There are 2 protein chains.
Amino acid sequence: MPERKPLHLNAFLMSVGHHEAAWRLPQSPASGGTDLDHYTNLARIAERGKLDSLFLADSPVLQGDPGRRPVSKLEPTVLLTALAGATSRIGLIATASTSYNEPYNLARRFASLDHVSGGRAGWNIVTTAGADAARNFGLDDTPQHHARYLRAAEFVEVATKLWDTWADDAVLADKESGVFASAERVRAIRHQGTYFRVDGPLNVRRSPQGYPLLVQAGSSEDGKEFAARYAEAVFTAQQTLEEGIAFYKDVKQRAEALGRNPEGIKILPGIVPVIGETEAEARELDAELDRLIVPEYAKRQLAERLRIAPEDLHLDEELPEDIPTEDEIEGAKSRYTLVVELARRERLTVRELIGRLGGGRGHRTFAGTAEQVADTIEHWYDSGAADGFNIMPAVLPSGLEVFVDRVVPILQERGLFRTEYEGSTLREHYGLPRPANRLFEDVDRSEGHLGIGLAAAT
Amino acid sequence: MPERKPLHLNAFLMSVGHHEAAWRLPQSPASGGTDLDHYTNLARIAERGKLDSLFLADSPVLQGDPGRRPVSKLEPTVLLTALAGATSRIGLIATASTSYNEPYNLARRFASLDHVSGGRAGWNIVTTAGADAARNFGLDDTPQHHARYLRAAEFVEVATKLWDTWADDAVLADKESGVFASAERVRAIRHQGTYFRVDGPLNVRRSPQGYPLLVQAGSSEDGKEFAARYAEAVFTAQQTLEEGIAFYKDVKQRAEALGRNPEGIKILPGIVPVIGETEAEARELDAELDRLIVPEYAKRQLAERLRIAPEDLHLDEELPEDIPTEDEIEGAKSRYTLVVELARRERLTVRELIGRLGGGRGHRTFAGTAEQVADTIEHWYDSGAADGFNIMPAVLPSGLEVFVDRVVPILQERGLFRTEYEGSTLREHYGLPRPANRLFEDVDRSEGHLGIGLAAAT
């Protein structure tokens with residue numbers, strides 16, 4: 001067998017599972033979303049499996065109907081800080097919004113998480129769609145899609161500059177002379193931009209990783225451009241191998257066109273593995289979960305996502321022809337398109353579509369044996385559709401347990417996945433370098449690890 | 001000995017100690033401010049001493065000259081979350097600014113900290129003075145003092161309403177029928193105020209304490225009015241017993257005038273205990289620390305605080321007559337006045353004043369034996385100047401260790417301090433009730449535990 005680069009696997013944690021009805025199973029803890037013991041258990045299982053990271057989604061709004069789903073959750077930077085203490089090697093990736101945070105505050109929190117975890121922090125950069133979230137922050141509606149991405153880009157510029165305000169060698173701690181830090185090695189940034197004016201310096205010295213791994217998840221045009229410029233890992237939702245290959249190639253080429261090494265940006269599609277002793281058992285498990293979905297409620301949610309009236313959806317018919325195009329909506333554009341394309345391609349009825357969405361919210365559900373799950377992961381990897389996967393178990397902890405105990409050993413045997421952590425930081429798990437300090441080091445921009453500008457930093 | 005109510009003691013943690021030169025001592029860890037192991041050690045010492053809480057100050061800005069002091073620090077909500085996992089009973093009070101945060105974000109983080117710590121969270125509400133901080137958030141200068149307090153009041157109204165958006169009994173988790181939460185027991189707030197418009201509900205269910213203990217530290221007129229209305233604990237800086245008694249009486253009377261039970265607001269002055277085997281040894285320890293201060297640097301800092309030119313200060317003379325009054329400054333008014341009054345009352349030279357400020361930044365330094373420290377604590381407590389104290393060791397961990405091992409046992413022997421934690425939440429340590437839910441319960445406003453309005457909640 002030829003030597004292959006190892007692939008990357010993240011545990012995408014979602015209270016008691018990614019399937020919206022998972023909480024109704026007898027074994028699911030009722031308060032999973034706010035129960036630290038439940039998450040600690042998940043974190044330890046994932047670390048036992050040598051996974052690259054724990055990943056938490058987020059939006060600063062109550063998402064979904066509390067009548068129907070366990071929507072109460074812990075804030076990700078708090079939860080991952082708590083999990084840092086219960087683990088020692090696994091990475092910790094928290095989602096946080098650039099639309100509803102201030103760069104100085106967020107930069108401090110991620111730098112602090114990177115310090116307390118010994119270099120295991122990652123930031124999944126999102127722009128946060130939806131009027132509901134906007135109305136928690138003094139706005140009537142979500143800012144326009146493109147404007148959100150402009151703000152996100154400036155936000156990342158400011159945050160990365162703040163993380164560089166202390167040179168790695170700034171602290172001298174010279175007790176004899178009373179000099180704590182070298183005055184020349186701590187700098188303000190005096191950023192003056194369209195969205196932000198921030199003086200700095202940060203009040204946290206440079207952290208073990210320099211700064212957290214930068215992750216991004218949008219798949220719209222704006223999203224892909226942003227990813228190509230800034231992201232070190234991209235979480236994506238791809239339903240078919242062909243789509244996966246096209247997306248992979250697209251983003252890597254965009255990164256290359258910006259002067260980046262395409263190896264410096266990892267593409268990680270989501271997969272919802274439903275694992276049984278036999279394929280039939282796995283399919284039955286999947287069907288059992290779908291039967292627990294309350295269809296009228298799910299139909300209402302789907303109608304909301306499609307920006308149409310619930311009365312226009314009929315459970316046993318296909319989607320109506322007349323629905324808005326991606327251009328006409330201001331929300332999570334790429335997720336919207338994936339849903340519509342999935343329904344059209346497979347000619348799903350609304351009821352079938354609801355089942356597919358209930359399982360993975362647009363991500364790919366794969367029901368089969370452990371061997372079959374390993375096969376599909378290997379196949380996508382070898383076909384150039386993925387550098388790894390976001391593992392999104394339908395039910396937690398059981399779905400993570402069976403993945404770690406049954407699928408991971410197969411991948412390890414095939415030489416596709418690590419059997420021990422080799423590094424101690426998240427960047428090391430991903431095989432990515434610690435970023436140079438742009439404010440203090442002589443950075444060769446032609447090699448440009450990230451597409452972050454230097455103009456405003458002086 | 002008559003039965004006395006126990007007093008309350010918090011460990012106010014400040015990297016390697018409150019004395020600005022503490023880091024220069026041979027035993028001080030150079031990277032104390034960002035070293036989790038150092039803080040974990042402090043937290044365990046404080047919990048061994050059965051102290052009420054760990055307390056962390058904060059400002060979203062690099063405070064002080066990094067050339068001279070260990071100003072790199074971890075963000076308090078992150079650090080206290082990490083310490084929650086290393087402890088089991090002690091309270092966790094984080095400072096956070098109402099001027100540079102959004103209520104929805106902050107309410108989530110504190111609710112999450114309260115969940116992961118099992119009800120040990122406290123929020124020290126500050127309005128954040130200073131142009132330096134303002135310039136990290138798109139402003140040219142700090143907002144006007146009174147306006148900061150108006151925003152703070154509205155912020156607390158919004159946050160406390162958000163914490164009440166889930167009734168305690170909202171989650172049914174009825175797996176049979178598929179009803180997660182009772183739709184009538186989760187509510188939006190649709191707050192529309194001067195500074196904030198926030199719809200809610202929060203995406204975190206109500207936490208063990210209902211919401212974090214509300215703490216406040218200002219001593220200006222605005223600060224005292226704010227404390228009387230909202231605070232459950234007040235951290236204050238009082239140099240003399242007479243001032244302490246006057247402040248105590250003032251705040252309790254203001255609270256009573258607002259219809260609150262004065263027992264519901266605990267007054268906790270700061271004290272910097274410098275402890276020796278003999279009084280002479282303690283004084284020598286104190287003097288040794290003062291000798292480590294770099295006087296020219298400290299003079300520059302003092303001039304900045306007084307809004308005068310450094311050239312107008314002379315180390316071996318008293319403060320000049322002609323300095324601004326409290327009304328003329330927009331900063332931390334009450335701290336400013338305390339400094340000036342201390343200098344005038346004791347006719348200190350600038351050099352002497354610098355020594356006093358270097359030790360406790362305006363708080364009262366007390367050098368003596370363990371017995372003498374216990375005596376002064378008891379005396380202030382019996383005289384009606386304090387319900388307890390913020391313990392601010394000049395050097396950490398040694399100053400906390402000696403306080404816990406030598407002073408606490410004396411206070412316990414005198415029946416003044418607990419020998420075991422009786423409750424498990426921070427509110428229980430302070431003998432304060434869990435707040436009723438104003439959005440769902442029939443709250444008798446005449447008894448008004450807190451001066452928080454209901455008008456905007458409907």
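This is a predicted model: local features need pLDDT of at least 70, side-chain atom pairs count only at pLDDT 80 or more; totals for chains, interfaces and linings use all residues.
A residue is taken as buried when its relative accessible area is under 20%, as exposed when over 50% and as partly exposed in between, with a 1.4 Å probe and protein chains only. Residues are numbered from 1 along each chain as its sequence is written, chains are lettered from A in the order in which they are written, and side-chain values use heavy atoms, without hydrogens or water.

Helices are DSSP runs (H or I, at least four residues) and strands likewise (E, at least two), numbered from the N terminus. Helix 2 of chain B, residues 76-84, is mostly covered, with 9 of its 9 residues buried. These buried residues are in contact (heavy atoms within 4.5 Å) with helix 2 and helix 3 of chain A, and also, within chain B, with helix 1, strand 2, strand 3 and helix 3.

In helix 1 of chain B, the buried residues include Y39(B), L42(B), I45(B) and E47(B), and the buried set packs against strand 1, strand 2, helix 2 and helix 13 of chain B. Helix 1 of chain B is followed by K50(B), which has a positive phi, near 60°.

In chain A, T77(A), L80(A) and T81(A) of helix 2 meet R109(A), F110(A), L113(A) and V116(A) of helix 3. The residues of this contact divide into 4 nonpolar, 2 polar and 1 charged, where Ala, Val, Leu, Ile, Met, Phe, Trp, Tyr, Cys and Pro count as nonpolar, Asp, Glu, Lys and Arg as charged, and the others, Gly among them, as polar.
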